[in-house]
Amino acid sequence: MLITDKVIVVTGGGNGIGRALCRRFAADTPRAIVVADLDGDAARRVAGEVRGTARDADVTCEGDIQRLVAETMQQHGRIDLFCSNAGIANNGDRGIRVSALCPQGVRTDMLMRAEAEDRSFLIDGAVEPEYVAELVVQGIADERFLILPHPEVAEYVRRKATDHERWLRGMRRLARPLQN
Ligand SMILES: NC(=O)c1ccc[n+]([C@@H]2O[C@H](COP(=O)([O-])OP(=O)(O)OC[C@H]3O[C@@H](n4cnc5c(N)ncnc54)[C@H](O)[C@@H]3O)[C@@H](O)[C@H]2O)c1
């Protein structure tokens, strides 16, 4: 996708990387740049510089994001590129542990419904939900991040990290028939 003629939103656009993005995008004649920032004055300064629109928005507030999107859609009719750039540096460990359960097929109503409609590709090797629940308890006890009832998923994660473009192409290919 080229920047020319695109409608672009940059959060945290008032300083640093976001401001540099706005300036660089402006050089490629986009249709519109919306500079959103917690610091409204900074957003207005950058918007003035790039002939964009400034918006006061705190990305930690869902209402602000909804308003930002709605106002941009109202004004420009579309958003081609949303740079979710705003963020802060913090000092990470507050004792919160996270585990992500990533199964392939699990024999639940969801899978069986898809199977009945000939839309499932996960039935081979599908496991029972009780087996998944047992692994979750073990994974939490071990404070493991990834809980993988199907060990081959570990290889998919590796492939995703080493060639994410290929992985995304594959996932899009898999998802296409499920959308019909
Ligand atoms: N600078 C680095 O070395 C570095 C490295 C890796 C990642 N990042 C990430 O890049 C992004 C931009 O960082 P930067 O270095 O340009 O920071 P910066 O502090 O220079 O600029 C951040 C901008 O985001 C705005 N902002 C902060 N919280 C906000 C919120 N809740 N809602 C809306 N706007 C908010 C600030 O007002 C500021 O204008 C951040 O997500 C940061 O975590 C930065």
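Student: By class, how many nonpolar, polar and charged residues does the shell around the ligand have?
Tutor: This is a predicted model, in which local features need pLDDT of at least 70 and side-chain atom pairs pLDDT 80 or more, while totals for chains, interfaces and linings use all residues. Residues are numbered from 1 along each chain as its sequence is written. 20 residues surround the ligand (C-beta atom, placed from the backbone, within 6 Å). With Ala, Val, Leu, Ile, Met, Phe, Trp, Tyr, Cys and Pro as nonpolar, Asp, Glu, Lys and Arg as charged and the others, Gly among them, as polar, the shell has eight nonpolar, nine polar and three charged residues.

Student: Which element gives the largest share of the shell around the ligand?
Tutor: G12, N15, G16, A86 and G87 are the closest residues to the ligand. Helices are DSSP runs of H or I with at least four residues, and strands are E runs of at least two, numbered from the N terminus. Three shell residues, the largest share, come from helix α1 (residues 16-26).

Student: How far apart are the end C-alpha atoms of helix α5?
Tutor: Helix α5 covers residues 129-141, and E143, with a positive phi near 55°, follows α5. At 1.5 Å times one less than its number of residues, the 13 residues should span 18 Å. This agrees with the end-to-end distance in the model, 19 Å.
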